[in-house]
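I opened this entry to keep a record of what I looked up in the model, going from domains to chains to the core.

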Amino acid sequence: MALLEVDESATYAPLGRVTSNVRCVQQSLEYKFQTMKFRTWLASIAGVLPASLMAVVLFLAVYAWPAIRFNGVRFAFENTWNLGNLYADPITIAGTQIQPGAHYGILFLIVGTLLSTLLALLLAVPVGVGAAMFLAEKVDARLRTWISLFVELLAAIPSVVLGLWGYAVLIPFLAHYLFPLLTHTIGYVIPIFGGPSGSGYGLFTSSFVLAMMIVPLITATVRDALVAQPAPLRESALALGATGFETTYHVLLPNTRKVLIGATFLALGRALGETMAVLMVSGNALNYLPHNIYDPISTMAAFIVSQLDSALQDPTGMAVRTLAEIALILCIISIIVNALARLVLQLWSGYAQRPRLAV
Amino acid sequence: MTIDVASVSHQIPLSRTASASHQVRLSRRLFSAAGWIAAGSALVFLSALMVWILGVVFIRGFGALAPSLFTTVTQGNGGGLLNAIEGTAVLSLGALLLAVPFGVAAGTYVSECRFSRWASVIRFLADVFVGVPSIVLGYFGYVTMVEWLGWKFSVAAGSIILAMICLPYICRTTELALGQVSNDLREAAYALGASDRRVIMKICLPAALPGVLTGILLALAISVGETAPLLYTAGWSNYLWDGSLTHSPIGYLTYAIYTFINEPFASANALAYAAALLVTGFVLLINVVARFVLGQVRH
C-alpha cells in the first residue's frame with residue numbers, strides 16, 4: 001500500500017524549505033534565482049490545468065447567457081423541448097431573437113438523469129460492496145489481485161463498446177426474457193415494475209449499463225479499505241465468537257462507511273455525465289416522463305449529442321445556446337459532486353485515495 | 001474427600017447448553033452462509049458480465065476481421081477502416097503531443113512542491129477535472145473552436161479537446177510515479193548541491209520514467225476510447241486525412257462503432273464489431289500493462 005499512495009507526510013525536504021534548511025551551503029544569489037525561476041516556471045505551466053477548467057465554465061456561460069436569460073428558472077421545471085416554427089421568420093422577445101413558439105424546459109432530462117443515476121447506484125452499491133467483501137475476506141491474496149484486475153477492467157472498457165454490447169446483446173435479452181418476466185410477476189404487486197414491458201430501450205437498461213461502469217470503482221475502493229483494516233479489530237471480533245461474515249459485516253464494513261460514501265459520490269459524478277452508452281440504450285425520450293422502469297428516458301449528457309443536429313436547424317441559434325446551458329448545468333453539477341467526493345474521501349474519511357487508473 | 005468429577009460435570013446440563021448454543025449458532029451460521037453466498041454471487045455476477053462483454057466483442061470482432069479492413073477506407077456501408085484507424089492515431093497522438101508537456105509539468109509540480117498551496121489547488125482541480133463529463137468538454141470545443149474560431153470539424157479541435165481530457169490523468173499519474181521515487185535519491189542529490197532543476201530533471205523524472213510513460217500510455221487509451229467529445233469536434237470522414245489541421249473532418253474508430261451498429265446492413269455491423277475489437281483490445285492491453293508498471297497489481 002505504502003508504495004501506491006501519495007504520502008502526504010513524506011519526510012523529504014519540500015522544495016520550499018530546501019534553501020533555508022541547507023544553510024551550511026553557501027548559496028549564491030544566482031542559485032537562489034535559478035531555483036525561484038524554475039519553480040515559478042513549473043507552477044505557471046501547471047496553471048494550464050485550472051485555466052482550462054475555468055475556460056470551459058466561462059465560455060459555456062458566456063455562450064449560453066442569452067439562453068439562460070430567455071429560459072429563466074422555469075427551464076428546470078417544465079417539460080417542453082420545442083424549437084418553435086422553424087419555417088417562420090424569427091421574432092424578437094425581450095431583445096432576444098427566437099423562432100415563434102420556441103419554448104425550452106428540461107424537466108424530463110433532469111428526471112431521466114436523476115432516476116437513471118439513482119437506480120444505477122441502487123444496483124451498483126450492493127453488488128460492489130458484496131464483491132469487495134468477498135474479494136477482501138474470502139479470496140487468497142494472490143488470486144485476489146487477478147480477480148480484482150479482471151473485474152476492475154470493466155471500468156476501462158470504452159463506454160461506446162458497452163453501448164454496443166447493450167444495444168446488440170443486452171436489449172434483446174432484457175426485452176424478450178427479463179422484462180416480460182418481471183411484468184408478469186412482481187409487476188402485479190409493485191406498479192413501477194408493471195405496465196407494458198417496452199422495447200428494451202429505457203430506464204432500467206440505461207441504469208444497468210451505468211451500474212456496470214461504476215461498480216468497479218466501488219468494489220476497488222471498498223476492497224482496499226477492508227484489506228487495510230487493522231488486524232487486531234478482526235482478531236478481537238473473531239475472539240468474541242463472531243463468525244467470519246459477522247466480523248466483516250458488523251465490524252469491518254461499518255469502518256469503511258466514509259470511504260464508501262466518497263466512492264459513491266465519485267460514482268454518482270461518473271454516472272451523471274456518462275454519454276455514449278446511455279445514448280445507445282436509453283431510447284432517447286423527448287418531453288416524456290417515465291411511468292415504469294421500462295419506459296424510455298433521456299439524460300442531459302445524451303441529449304446534447306442526440307439533439308445538436310436538430311438544434312442547428314434553428315436559425316436564431318437559441319436551441320444551440322440552450323444546449324450549451326444544459327452542458328453548463330451538467331458541468332457545474334459534476335464539479336460540485338466531484339469536489340464533494342474528494343473532500344469526503346480525503347478530509348472526512350482520512351483515506352489517502354490513490355489515483356485510480358482505469359476509473 | 002475426593003470430588004466426583006463425573007458428578008460435578010453432570011450438574012451442568014450439558015445437553016441443554018449444547019442445544020441452546022447450537023440453536024443460536026445455527027441461525028447465525030445460516031446468516032453468515034447466506035451473507036457469503038450473496039457476496040460471492042455478486043463477484044461471480046460481475047465476472048460473468050465481464051466474460052459476456054469480452055466474449056461478444058472478441059468473438060464477433062474476430063469474425064469481422066479481414067485484411068481489407070486495414071487497407072481500404074470506408075465506403076457507404078462497407079469497405080474498410082483504414083481512415084478510422086489513421087484518424088484515431090492522428091487525433092490521439094495530437095492530443096498527447098499537447099497534453100504531455102503540460103501534464104507532466106503539472107504532475108511534477110504537484111509532486112515535488114506538494115506543500116505549496118498552489119500545488120494542492122492544482123491537485124484538487126485535477127481530481128475535479130477528471131470528473132467533468134467528456135461531452136461537456138466536447139460541447140465547449142464545438143462552441144469555441146468549431147463555431148467561434150471557425151475551424152469547422154477538424155483535427156485541431158478534436159485533438160485539443162482530447163488533450164484537455166488527458167491532461168488531468170497525466171498530471172495525476174505523473175504525481176503517482178514521482179511519489180514512488182525514493183526520498184534518499186532526492187536528499188542525496190540536494191546534499192551534493194544540485195539545484196531544483198537538476199534534481200527534478202536529472203534524478204526524479206528519469207527514475208520515475210516507467211511510471212510517467214505508463215501514465216501517458218493510459219491517457220492514450222482514454223483518448224482512443226473517447227467518442228462523445230469527438231462527434232462534434234472531429235466530425236467524420238470517409239477519406240484519409242488530407243494533412244490539414246483545420247477545416248477538414250477526420251474519421252475515428254469509436255464513431256464507426258456508434259454509427260455502423262445502427263445500420264441495417266451486415267457489412268456495416270461487421271465494421272462496428274471490428275472497430276470495437278480493435279479499440280477494446282488496445283485499451284485493455286494498455287490498462288493491464290499500466291497496472292503492472294505503476295504497481296497497482298503488486299500489493
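**Domains of chain A**

I looked up the spacing first: the C-alpha centres of domain 1 of chain A and domain 2 of chain A lie 28 Å apart. The bounds, which come from an automatic or database domain assignment, are 29-104 for domain 1 and 107-348 for domain 2. I note that this is a predicted model, in which local features need pLDDT of at least 70, side-chain atom pairs count only at pLDDT 80 or more, and totals for chains, interfaces and linings use all residues. Residues are numbered from 1 along each chain as its sequence is written, while chains are lettered from A and ligands numbered from 1 in the order in which they are written.

For the contact between the two domains (C-beta atoms, placed from the backbone, within 7 Å), I found 25 residues from domain 1 of chain A and 19 residues from domain 2 of chain A. Helix 3 of chain A gives the most to the domain 1 side, with 11 residues; helices are DSSP runs of H or I with at least four residues, strands are runs of E with at least two, and both are numbered from the N terminus.

**Chain A against chain B**

Here the contact takes 85 residues from chain A and 91 residues from chain B. On the chain A side, helix 13 (residues 318-348) of chain A supplies the largest share, 10 residues.

**Chain B as a whole**

I listed 12 helices and two strands for chain B, in the order α-α-β-β-α-α-α-α-α-α-α-α-α-α from the N terminus. Its radius of gyration, taken over C-alpha atoms, is 29 Å, well over the 19 Å that the globule rule (2.2 Å times the number of residues to the power 0.38) gives for 299 residues, so chain B is more spread out than a compact globule. The C-alpha trace of chain B spans about 110 × 70 × 35 Å along its principal axes.

**The largest nonpolar core**

Which residues touch the most other members of the largest nonpolar core? They are B:Cys166, B:Ile257 and B:Ala275, in a core of 209 residues, where a core is a set of buried Ala, Val, Leu, Ile, Met, Phe, Trp, Tyr and Cys residues joined through C-beta atoms within 7 Å, and buried means that 20 or more other C-beta atoms lie within 10 Å of the residue's own. Helix 6 (residues 155-179) of chain B provides the largest share of this core, 17 residues. Both domain 1 and domain 2 of chain A give residues to this core, so it lies between them.

Notes: Buried ≥ 20, exposed ≤ 12 C-beta atoms within 10 Å, placed from the backbone.
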